[in-house]
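These are my notebook entries on a structure that I am reading for the reader who is new to it. Each entry records what I looked up and what I found.

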Amino acid sequence: MGRKADPLGDPAPLIRRVYAYVAYRIGDGPEAEDVSSEVFERAIRYRWSYNPDKAAPITWLMAIARSVLADRGRGHASPVAEEAIDLADPLDVEGESVQRLDLQAAVAQLSGRDRELIGLRYGADLTAAQIAELLESEPHAVEVSLSRAVSRLRSFATVSSDL
Amino acid sequence: MRRFWDSGQDHGDIEVRLRAERPGPSQDLLDRITGQLADDGKQRRALSKTRKSVAVVFASLVLMSGFGAAAFGAAGGNGNGNNGNGNGNSGTPAGCVEGQGQVTLQNPNC
């Protein structure tokens, strides 16, 4: 019988991916750090029950992260991110022809479902197949939903130009 | 109106930016979690060693009791002898008297 696989053997890239997902979901900051910390506490607890035949370590961690967020009742836009939008006043920046809105603040304006998809794809770097597995969906449906989420992100992320 | 990703200087797509500018954890969080993982690994290894030691001791006890039972049987056991028919003529230790299909207990090894 072989030794059990350790899903947390190379933790640093996993921590970064989990954090990025959480931050896209609830906003960058202390709460995202708390949630990420809790994700890894749970992961450590269930570390040796991980089955590599069922899922990749990052998919397994994402399932834990989703569970932690659900337990905390998080799924709405972060007030911190909304604050960041208010601060991004085009007139405040001299010499700039185009004011770029903060990307994360734009993400925060999306619906919970869109942020979920954006977080899984661009934060956690999951493939459409892995996202589909996690959301119990089909990869094609995930691709379509992601494409729509990105389109909505584009529509939120409009800025004024002084041209 | 311009989109924020379309600044005129940078033609990168929004998807590239979503990846490139994804939020990162603080060094403190990275250190804390990797520290917890390392501690857990050490505890597991220590626990594993303890379990192995307990298993070895238990296996030794089982083996020893097996040998003890065999020796007890070889020594005449509970009076029926090691051949089970009461003759007890093989392996009966000195001090045990045989007769009438039974071995009389004369010493503690009988």
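Entry 1. Conventions and a first question.

How are H1(A) and H2(A) oriented to each other? Before answering, I note that this is a predicted model, in which local features need pLDDT of at least 70, side-chain atom pairs count only at pLDDT 80 or more, and totals for chains, interfaces and linings use all residues. Residues are numbered from 1 along each chain as its sequence is written, and chains are lettered from A and ligands numbered from 1 in the order in which they are written.

I looked up the axes of H1(A) and H2(A), which come within 9 Å and cross at roughly 135°. Axes here are lines fitted to C-alpha atoms, for helices over the stretch in contact, and angles run from 0 to 180 degrees between N-to-C directions. H1(A) and H2(A) are therefore oblique to each other. Angles under 35 degrees count as roughly parallel, over 145 as roughly antiparallel, 65 to 115 as roughly perpendicular, and the rest as oblique. I also recorded that H1(A) passes H2(A) in a right-handed crossing; a crossing is right-handed if the near helix is turned clockwise from the far one by less than a right angle, and left-handed if anticlockwise.

On the side of H1(A), the contact is made by Ile15(A), Val18(A), Tyr19(A), Val22(A), Ala23(A) and Ile26(A). H2(A) brings Glu31(A), Ala32(A), Val35(A), Ser36(A) and Val39(A). Contact is taken as C-beta atoms, placed from the backbone, within 7 Å. By class I find 9 nonpolar, 1 polar and 1 charged residues between H1(A) and H2(A), where Ala, Val, Leu, Ile, Met, Phe, Trp, Tyr, Cys and Pro count as nonpolar, Asp, Glu, Lys and Arg as charged, and the others, Gly among them, as polar.

Entry 2. The two chains.

I looked up the secondary structure of chain A and found 8 helices and 1 strand, in the order α-α-α-α-α-α-α-α-β along the sequence. Chain B has 2 helices and 3 strands, in the pattern β-α-α-β-β. Helices (H or I, at least four residues) and strands (E, at least two) are DSSP runs, numbered from the N terminus.

Buried residues make up 40% of the 163 residues in chain A and 13% of the 110 residues in chain B. A residue is buried if 20 or more other C-beta atoms lie within 10 Å of its own, exposed if 12 or fewer, and partly exposed in between, with C-beta atoms placed from the backbone. Of the contacts with a separation of 6 or more, residues 24 or more positions apart account for 70% in chain A and for 10% in chain B.

Entry 3. The core.

Which residues touch the most other members of the largest nonpolar core? Among its 46 residues, I find that these are Val18(A), Tyr21(A), Val22(A), Leu61(A) and Ala65(A). Such a core is a set of buried Ala, Val, Leu, Ile, Met, Phe, Trp, Tyr and Cys residues joined through C-beta atoms within 7 Å. The helices that each supply at least two residues include H1, H2 and H3 of chain A and H2 (27-74) of chain B. H1(A) gives the largest share, 10 residues. Leaving out residues up to four places away in sequence, Leu61(A) touches Leu14(A), Val18(A), Val39(A) and Ala43(A).

Entry 4. Two further helix pairs.

I found the axes of H2(A) and H3(A) within 9 Å, crossing at roughly 125°; the two helices are therefore oblique to each other. The residues in contact include Val35(A) and Val39(A) of H2(A) and Leu61(A) and Ala65(A) of H3(A). This contact has 8 nonpolar, no polar and 2 charged residues.

H7(A) and H8(A) pack at an angle of about 105°, with axes 8 Å apart, and are therefore roughly perpendicular to each other.

In H6(A), 10 of the 12 residues are buried. Their cover includes H1, H3, H5, H7 and H8 of chain A and H1 (14-20) of chain B.

In the loop between H6 and H7 of chain A lies Asp125(A), which has a positive phi of about 60° although it is not a glycine. With 16 C-beta neighbours inside 10 Å, Asp125(A) counts as partly exposed. Glu136(A), in the loop between H7 and H8 of chain A, has a positive phi near 55°. Glu136(A) is exposed, with 6 other C-beta atoms within 10 Å.

Conventions
Two residues are in contact if their C-beta atoms, placed from the backbone, lie within 7 Å.
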